[in-house]
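Subject: Structure handover

Hello,

Here is the structure we spoke about. My notes on its pockets and its sheet follow below.

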Amino acid sequence: MKVEPFRIAVPDETLVDLKARLQRTRWPDEAPGAPWSYGTSLAYMKDLVAYWRDGFDWRAQEADLNKLAHFRTEIDGVGVHFIHEQGKGPNPMPLLLSHGWPGSIVEFRRIIPMLTDPARFGGDPADAFTIVAPSLPGYGFSFREGQKRVGLAGIGDMFRTLMKDVLGYEKFGAQGGDWGAFVTSRIGAAYPDDVFGIHLNLLAVPRENIDMSAPTDEEKVFFRELAHFLQEETGYQWIQGTKPQTLSYGLTDSPVGLAAWIVEKFRAWSDCDGDPERAIPRDAMLANITIYWATGAINSSFWPYYDRRHGPWPFKLGEKIRAPMGYAAFPHEILRPPRSIAERLYDVRRWSVMPKGGHFAALEQPEALAHEIREFFRPLR
């Protein structure tokens with residue numbers, strides 16, 4: 001399979017059009033009550049959009065991302081973009097990093113150097129990794145119009161093909177959060193002999209496989225949190241998992257609509273005390289959103305939700321995943337199943353309760369996550 005160098009280069013006309021659309025925004029009203037009570041705050045969005053239009057420098061973000069080594073290949077008829085950064089150490093371990101929704105490779109910009117060159121950050125060169133960080137198929141630079149859709153199991157299979165058949169790594173580690181945790185778990189379940197281990201910062205635990213008949217106190221807390229999540233926080237899953245095409249018209253046509261849809265998740269899922277920029281820098285947030293806008297990939301990015309709602313679980317229910325697993329439990333993660341539930345599915349080798357951070361761990365707490373990844377994989381090298 002042919003691998004070609006890739007450079008991020010958003011056309012000038014795309015940025016000019018974006019600015020013009022931001023200038024012409026038609027704002028909604030807002031129901032009385034506290035900001036954010038019914039969704040993304042109007043005042044916050046007006047301030048963010050003014051900065052996106054007049055202060056944000058995409059070209060600077062683009063240049064920073066292009067400091068990393070980017071490539072593209074084609075797997076099963078799908079163009080796959082990926083970062084491939086060589087480790088600096090005596091024997092770097094190949095490590096696959098998988099993002100989720102509404103994330104992108106922007107999540108990994110700060111953590112990649114910490115993993116490839118630990119000595120630069122006061123660590124041991126023996127802990128170095130060679131990083132492969134793809135854009136999920138249908139996301140960002142792994143999207144082209146009319147491209148076939150790929151579900152979570154298919155993405156896991158494609159990423160295993162990328163690591164073994166395209167890049168030639170006989171064995172590798174894998175790490176992920178959000179959908180990346182599902183993809184990583186799929187690889188650990190379907191190809192346990194191909195991985196040293198898998199590390200997660202979200203647990204892909206199927207609700208269908210949880211015994212609720214005699215819960216422990218920890219499990220009772222989790223079930224209460226799960227019930228609240230299902231009642232109050234899953235509207236996005238229902239629309240993205242049932243009628244993604246309909247939603248995509250508004251978000252593909254309106255950059256403010258797109259940003260409001262994504263920003264609400266950055267706030268709700270990060271450890272930010274109500275202000276997303278306490279956890280995630282404004283420029284990083286807008287770089288991530290701009291990738292969705294510039295590539296036109298929001299509709300295809302919804303596909304894993306449709307696939308998950310209408311297809312089988314990406315690994316077999318009732319079968320334990322054989323690959324060794326490590327987990328970093330960030331306190332503001334969307335859902336936090338206790339270890340007793342996780343151990344029914346995973347071979348847990350490391351379980352770390354983190355002091356701070358949320359769903360976007362690589363963006364919010366890159367040093368802490370890098371430390372956990374190094375510690376987990378060290379005995380497995």
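Helices (H or I, at least four residues) and strands (E, at least two) are DSSP runs, numbered from the N terminus. The model is predicted, with local features needing pLDDT of at least 70 and side-chain atom pairs pLDDT 80 or more, while totals for chains, interfaces and linings use all residues. Residues are numbered from 1 along each chain as its sequence is written, and side-chain values use heavy atoms, without hydrogens and water.

Pockets

A pocket is an open set of points on a 1 Å grid over the protein atoms alone, where a 1.4 Å probe fits and protein lies on both sides within 12 Å along at least five of seven lines; lining residues have an atom within 4 Å of a point. Points are joined across faces, edges and corners, and a volume is the space filled by probe spheres set on them.

The largest pocket has a volume of about 950 Å³. Its lining comprises 37 residues, and Gly39, Glu233, Glu264, Lys265 and Ala268 lie nearest the centre. Two or more lining residues come from each of α2 (42–54), α7 (217–232), α8 (235–242) and α10 (255–269). The largest share, eight residues, is from α10. By class, the lining has 18 nonpolar, eight polar and 11 charged residues. Here Ala, Val, Leu, Ile, Met, Phe, Trp, Tyr, Cys and Pro count as nonpolar, Asp, Glu, Lys and Arg as charged, and the others, Gly among them, as polar.

The second largest pocket holds about 630 Å³. It is lined by 27 residues, with Phe182, Arg207, Phe229, Gln237 and Leu335 closest to its centre. α6 (179–190), α7, α8 and α13 (303–310) each give two or more residues to this lining, and α7 gives the most, with four. The classes in this second lining are 19 nonpolar, three polar and five charged.

Sheet

Nine strands form an open sheet in the order β1-β2-β3-β5-β4-β6-β7-β8-β9, with mixed pairing; two strands pair if DSSP finds at least two bridges between them. β1 (3–6) and β9 (346–353) are at the edges with a single partner strand each, so one side of each has no neighbour in the sheet. β4 (residues 93–98) and β5 (residues 129–134) pair in the parallel sense over four bridges, and Met93 has Phe129 in β5 as its bridge partner.

Regards
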